[in-house]
Structure formats: structure tokens, C-alpha cells
Amino acid sequence: MNTGRAGNRLRPSITCNAALARRYSSKPQHRDIASILAQPTWSVRSLLPKQAEKQSTATVTPQKLRHLLRLSALPQPSSHAEEQSMLQTLESQIHFVQEMQRVDTTGVEPLRSIRDESPAAVKESTLGLDQLRDAFAQEQKGPYFVVETKGSQSS
């Protein structure tokens with residue numbers, strides 16, 4: 001049996017099968033990455049509350065904070081200063097989430113997964129005949145798995 005020809009016959013049938021075809025969440029675009037990364041377009045600081053907003057819009061009371069900590073089985077603050085620090089952190093996090101929710105995502109397809117979609121990654125994750133042969137070569141005999149190598153044969 002010529003494994004080279006069989007491998008060539010199998011690959012087109014796998015890649016042509018619509019059920020096994022890869023679907024990407026974004027279209028490949030060719031841009032100069034260095035020029036894109038050279039100048040930042042925004043900062044995380046722009047999503048955090050300004051100093052004036054921190055003092056004027058307190059949405060979490062110390063009682064709510066203590067209640068949330070109890071629900072989360074987290075330790076209560078040991079001092080007034082620690083409680084104020086927790087309140088400020090929580091307020092900043094709430095403000096950050098609200099800013100993210102304001103982003104207009106009209107026409108943006110949802111991200112299905114985060115993965116490397118480069119040609120090298122696709123090639124690495126594609127199953128070939130050798131990988132399939134190795135997987136099918138594992139045969140269970142009793143409570144053991146027997147894997148035949150090229151030089152050995154089982155009886």
C-alpha cells in the first residue's frame with residue numbers, strides 16, 4: 001500500500017468537506033503592523049473615571065461592599081482605609097465596564113474563539129494521514145493498549 005498516494009487522496013476530501021472547513025471570525029487583512037502599533041489610538045486610562053467623577057458618583061455603599069464580600073466568601077476589610085480602597089477599586093471597575101458597554105458594536109461579528117489563524121498555525125493543527133494512522137494503531141487488548149511500531153508486528 002502506497003501511503004503517499006493514500007494521503008494525497010484523503011487530504012482533498014477532508015478539506016473539501018464543508019462540515020470540516022475552518023471558519024474564521026475575521027477576514028484576513030494585509031496591513032503594515034509596525035505602522036499600526038507605532039502610535040497608540042487609545043489608553044486604558046481613558047476608560048477609568050476622572051478624579052471629579054470618582055468623588056461625585058458613588059454607586060456602591062460600604063454596606064453593599066460588605067454584603068458583596070460576604071456573598072463572595074471574601075474577607076471583610078480590616079480598617080476604614082482598606083474599605084475605602086476597596087470601594088474606589090470597585091467603582092473604577094464598574095466605570096470601566098460601563099465604558100466598555102457604551103462601545104458601538106453594530107456590524108461587528110462576535111468573536112468565537114481566540115486562536116492563531118496564521119498559515120503556520122493552520123498547518124500545525126491540520127491532521128494528516130500519519131497522525132490518523134498513529135491514533136488508529138492503538139488497539140486495546142484486554143486491559144492494555146498496544147501500539148505497533150513500524151518494526152514490530154503483533155500476533
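A: Happy to! Keep in mind as we go that this is a predicted model. Let's start with Glu83, which is found in helix α5, covering residues 80–101. Is Glu83 buried or exposed? Glu83 has a relative accessibility of 6%, and because buried means under 20%, Glu83 counts as buried.

What surrounds Glu83? Setting aside neighbours within four places in sequence, Glu83 is in contact with Pro62, Leu65, Arg66 and Pro77. Of the residues in that list, Pro62, Leu65 and Arg66 belong to helix α4 and take part in its meeting with α5.

That brings us to the pair of helices. In general, two packed helices are described by the angle between their axes and the distance between the axes. Here, the axes of α4 (residues 62–71) and α5 come within 10 Å and cross at roughly 85°, which makes α4 roughly perpendicular to α5. By class, their contact has 7 nonpolar residues, 2 charged ones and no polar ones. On the α4 side you will find Pro62, Leu65, Arg66, Leu68 and Leu69; these meet Glu83, Met86, Leu87 and Leu90 of α5.

Now follow α5 along its length. Helix α5 has 22 residues and reaches 32 Å from its first C-alpha to its last, close to the 32 Å expected at 1.5 Å a residue. Its buried residues are Glu83, Leu87, Leu90, Glu91, Ser92, His95 and Glu99. Among them, Glu83, Leu87 and Leu90 also meet α4.

The loops on either side of α4 are worth a visit too. Between α4 and α5 sits Ala73, whose phi is near 60°, a positive value in a residue other than glycine. For background, most residues other than glycine have a negative phi. Ala73 is exposed, with a relative accessible area of 69%.

In the loop between α3 (51–56) and α4 you will find Thr59, which is partly exposed at a relative accessible area of 44%. Leaving out neighbours within four places in sequence, Thr59 is in contact with Lys64, Glu91 and Ile94. Glu91 is one of the buried residues of α5. As for Ile94, Thr59 is 35 residues away from it in sequence, with 8.9 Å between their C-alpha atoms.

Finally, let's step back to the protein chain. It has 7 helices and 2 strands, running α-α-α-α-α-α-α-β-β from the N terminus on. Buried residues make up 12% of its 155 residues, and Glu83 is one of the residues that count as buried. Of the contacts with a separation of 6 or more, 62% come from residues 24 or more positions apart. The protein chain exposes about 13,700 Å², with carbon and sulfur atoms supplying 57% of it.

Methods. Residues numbered from 1 in each chain as written. Predicted model: local features only at pLDDT ≥ 70, side-chain atom pairs only at ≥ 80, totals over all residues. Heavy atoms only, no water. Helix = DSSP H or I, 4+ residues; strand = E, 2+ residues; numbered from the N terminus. Buried < 20%, exposed > 50% of the residue type's maximum accessible area, 1.4 Å probe, protein only. Contact = heavy atoms within 4.5 Å. Axes fitted to C-alpha atoms, helices over the stretch in contact; angles between N-to-C directions. Parallel < 35°, antiparallel > 145°, perpendicular 65-115°, else oblique. Nonpolar A, V, L, I, M, F, W, Y, C, P; charged D, E, K, R; others polar. Expected span 1.5 Å × (residues − 1). Areas by Shrake-Rupley, 256 points an atom, 1.4 Å probe, with all protein chains shown as cover.
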